[in-house]
Amino acid sequence: MDFASLPHRFGDRDQIGALRTAEDALEPEQAGDRAWRISGRVLGRRGQGGVTFIDLEDVTGRVQLLAELERMGEEAYEVVRSVSIGDLVGVQGTAFRTRRGELSLQVAEWTFLAPCRLPFPDRHHGLQDVEVRHRQRYLDLMTDAEARERFIARARMIASIRRSLDEADFVEVETPVLQPLYGGAAARPFVTHHNTLDRDLYLRVATELYLKRLVVGGLEKVYELGKDFRNEGVSHKHNPEFTMLEFYEAYADCEDVMGRTEQLVVAAAEAVCGSTTVTIKGQEVDLAGPWPRITLGAAIEAKTGINPMTLGRDPKPLEDYLKSQGIDTSRDKTWAQLVDHMLSHYVEPTLIAPTFIIDYPVELSPLSRRKPGEDGVVERFEAFCGGMEISNGFSELNDPDDQRARFEEQAEMGRAGDDEAHPVDEDYVTALEYGLPPTGGVGLGIDRLAMLLTGQETIREVVLFPAMRT
């Protein structure tokens, strides 16, 4: 195949979906009078003698092509007959409904655009090997229309989120991916080295601290949709590279941004599903708010009989309980880690309908503002749905002295062996000293929300190119 001889473009094309809509009223053996110019991938070929039927598909749908020797002439017809499954072609012709009622395109002109040089996957059975589907996503997309629609739905979801925030006067911004100091979440970072600067840099684990610097600077409503990176395990809900929305609203608090989180999710569901009702783990779930709110202590107590928030900060009762249930606590070094373990083990998997867990211990929330009148508690929420966390938000801590002290506590945890502890960020403390207004902030997991809205059980089905083991 001489690729140099193939067309460089096939412009002014119509979509197959538009053809099917416009010519839907044709009766059997009736022809349309409009000329159509379509292109796509060949997915089927059949016929004999002087008639050949070909199935052609683009991103909007599929249509049958009807090529006839008598109409096209021998030379052009032989070119059509030589086509292989998977080849890309362009066609011009008029619509026609066959005697059996199949909407078709009567081929007048045929343009070969690109060959498929490898055996085309079996579309009838689909790709059975999950590893192949994830590693060679192009094969998954070309053989499974539902896979294509899933990623188009994800794009509609993201567009809805942007639209909702833009209409509320938020400003979309971009902050550094390569950072001299990671922060904004308890996570182990990826480390790289900049040769010219001769310094280590980190792939960001969150956008939070840079976005709040912008609020200090006077951008009162900001958001960023982008990639974060955490050097953590891979699971059905974890990918080391993932997409997050973070938004920050000055002069708002935890209550305000909880309401906005509900609104974003509802609008996204309507954009993707046409309704707020979705099916999650076999259950019909209505995402419309208001979502139930349960304190962290009460949620754990409902499942275990133990409210860790009433036991002081003594880790022993929690550790003893978990060990009595056969749960490994070897990685839990502190009371706060034991509390988090209990939440993730006993509570999180049971929250299928959207639910806010609120009132977190300060030890788990180094960037959250303290709750008035409740010692050791901060104004923070996590939203759970489908048995996993989808969002995290709080009233932002704007006291620079308190922030520095909490950074120091985190640094001490790091020195004690916690590789996810938050480092001290002196420049961020300096920014706070210039004055951060009362602010509410939220992080919303885009991949996990896409899982919920498209009915998927694993994050790999909503990430085009997920991380895979070699």
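In the predicted model described here, Gln-179 stands opposite Tyr-202, a residue of strand β9, where strands (E, at least two residues) and helices (H or I, at least four residues) are DSSP runs numbered from the N terminus. This position belongs to the antiparallel pairing of β7 with β9 (residues 199–203), which extends over 2 bridges; two strands are said to pair if DSSP finds at least two bridges between them. The two strands are part of an open sheet of 3 strands, in the order β7-β9-β8 and with antiparallel pairing. Its edge strands, each of which pairs on one side only, are β7 (178–179) and β8 (191–194).

Residues are numbered from 1 along each chain as its sequence is written. Because the model is predicted, local features need pLDDT of at least 70 and side-chain atom pairs count only at pLDDT 80 or more, while totals for chains, interfaces and linings use all residues, and side-chain values use heavy atoms, with hydrogens and water left out.

The chain as a whole contains 14 helices and 18 strands, and its C-alpha atoms fill a box of roughly 90 × 55 × 45 Å along the principal axes. Of its 470 residues, 49% count as buried, a term that means under 20% relative accessible area, with exposed meaning over 50% and partly exposed lying in between (1.4 Å probe, protein chains only). Among the contacts with a separation of 6 or more, 64% are accounted for by residues 24 or more positions apart, contact being defined as heavy atoms within 4.5 Å. The chain exposes about 22,600 Å², of which carbon and sulfur atoms supply 48%, as computed by the Shrake-Rupley method with a 1.4 Å probe.

A further set of antiparallel strands involves β1, β4 and β5. Strand β1 (residues 31–48) is joined to β4 (residues 88–97) by 8 bridges, with Ala-31 opposite Phe-96 of β4. In turn, 10 bridges join β4 to β5 (residues 103–114), and the bridge partner of Val-91 in β5 is Trp-110. Strands β4 and β5 form a hairpin with 5 residues between them, and in the turn Gly-101 has a positive phi of about 95°.

Ala-67 is found in strand β3 (residues 61–68) and is buried, with a relative accessible area of 1%. Leaving out residues up to four places away in sequence, Ala-67 touches Gly-50, Val-51, Thr-52, Met-72, Tyr-77, Val-80 and Val-107. From Leu-452, Ala-67 is 385 residues away in sequence and 44 Å away in space, C-alpha to C-alpha.

The largest nonpolar core comprises 43 residues, and those with the most contacts inside it are Met-157, Ile-161, Leu-245, Phe-247 and Leu-453; such a core is a set of buried Ala, Val, Leu, Ile, Met, Phe, Trp, Tyr and Cys residues joined through side-chain atoms within 4.5 Å. Helix α8 (residues 254–273) gives the most to this core, with 8 residues. In soluble globular proteins, nonpolar side chains tend to be buried together. Apart from its neighbours within four places in sequence, Met-157 is in contact with Ala-268, Val-272, Ile-446, Leu-449, Ala-450 and Leu-453. Leu-245, located in strand β11, counts as buried because its relative accessibility is 0%. The residues that Leu-245 touches, beyond those up to four places away in sequence, include Ile-161, Leu-165, Leu-264, Val-442 and Ile-446. Leu-245 and Arg-162 lie 83 residues apart in sequence, yet their C-alpha atoms are 9.5 Å apart in space.

In helix α7 (residues 208–216), the buried residues are Glu-208, Leu-209, Leu-211, Lys-212, Arg-213 and Val-215. These buried residues pack against β10 (221–229), β11 (241–250), β17 (388–395), α13 (426–433) and β18 (439–445). Just after α7, a positive phi of about 115° is taken by Gly-218.

Tyr-346, placed in helix α11 (residues 335–347), is likewise counted as buried because its relative accessible area is 15%. When neighbours within four places in sequence are set aside, its contacts are Lys-303, Thr-304, Tyr-321, Leu-322, Gln-325 and Ile-327. Tyr-346 and Ala-302 are 44 residues apart in sequence and 9.4 Å apart in space, C-alpha to C-alpha.
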